[in-house]
Amino acid sequence: MTRHLIATLAFGLTLAAGFALGSIGHQPDRPPPLETDIPTIPPVAAVIVPLQADDHARAESNLFPAPQTLLQMAESLGLDETQRQQIRQIQFALEAETMAIGRRILDEERRLERAFAEGNVDSGRVDGQTARIANLQGRLRAARLRGHLSARDTLTPEQVLRFASLRGYQPSPANPRDDLGRDDFER
C-alpha cells in the first residue's frame, strides 16, 4: 500500500512539474502553409513537453532567436519569402522532433511508474530508467537549441542586429560570433 502511494505521488509530482515547467504541443501531420507567417498545425493528441525556459532566454539574449520568434517578427525584421519558408521548415521539423522525443519521455515515465505500482522495482531498475529519461530530456533540450542555431543561420548580419535592437539586446564582445560576419554563421 505504501509503495503504491509513493509511486502515485511521484508520478503526480512528475506530471505537475511537466505542466508547471512545460508546454503542451501537437504533432504536426502536414507541412506548414505558405500563406501565413506562423504555420498552423492541426490539433491532435496533446503531449507534455518539458521546456527549458532559461535555454530559450539565454539563446535569444545572445542573438540566437527561436524559429517561432523570427516568424512572429518577420515583418519587423524584413524577412523575405525564402527566409520565411526556411524558418517555417525549421519550425515544422523542430516540432516534429520534439513531439516524438516528448512522447518517448512520457512512455519511459509511465514504465517507471508502472514498475513502482507493480512492486517490480529495485535500485538498478530505477537507475536505468531515470538514466534513459535523462538522456531523452537531454536530446530534447539539444533539439530545441539546434533550432535556435538553424534559425539564426537564415538571417543576414543586418537582420541579427535588427533583432538585437528590437529586443533591446547588445552583441556580446565575449562572443566571437557577434562580429556578425556571415562566415561566422557557418557550422
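These legends describe close-up views of a predicted model.

**View 1. Helix H5 and its two ends.** Helix H5 covers residues 81-117, which is 37 residues. From the first C-alpha to the last, H5 reaches 53 Å, close to the 54 Å expected at 1.5 Å a residue. At the start of H5, the backbone nitrogen of threonine 82 has a side-chain oxygen of aspartate 80 within 3.1 Å. After H5 comes glycine 119, with a positive phi near 70 degrees.

**View 2. A salt bridge inside helix H2.** The structure holds 10 salt bridges, and one joins the side chains of aspartate 54 and arginine 58, at 3.8 Å from N to O. Both residues belong to helix H2 (residues 53-61) and are 4 residues apart, about one turn of the helix. Arginine 58 has 47% relative accessibility, so it counts as partly exposed. Asp54 and Arg58 are also part of a network of salt bridges that includes Asp55 and Arg141.

**View 3. The salt bridge of glutamate 75 and arginine 84.** The closest N and O atoms of glutamate 75 and arginine 84 are 2.8 Å apart in this salt bridge. Glutamate 75 counts as exposed because its relative accessibility is 61%. Arginine 84 counts as buried because its relative accessibility is 10%.

View 4. Arginine 132 and glutamate 108 form a salt bridge, with their closest N and O atoms 3.5 Å apart. Arginine 132 lies in helix H6 (residues 123-153) and glutamate 108 in helix H5, so the pair ties together parts 24 residues apart in sequence. Arginine 132 is partly exposed, at 42% relative accessibility, whereas glutamate 108 is buried, with a relative accessible area of 10%.

Note on methods: Residues are numbered from 1 along each chain as its sequence is written. This is a predicted model: local features need pLDDT of at least 70, side-chain atom pairs count only at pLDDT 80 or more; totals for chains, interfaces and linings use all residues. Side-chain values use heavy atoms; hydrogens and water are left out. The expected span of a helix is 1.5 Å times one less than its number of residues. A polar contact is a pair of N or O atoms within 3.5 Å; within protein, one must be able to donate a hydrogen and the other to accept it, and residues adjacent in sequence count only if both atoms are side-chain atoms. A salt bridge is a side-chain nitrogen of Lys or Arg within 4 Å of a carboxyl oxygen of Asp or Glu. Buried means under 20% relative accessible area, exposed over 50%, partly exposed in between (1.4 Å probe, protein chains only).
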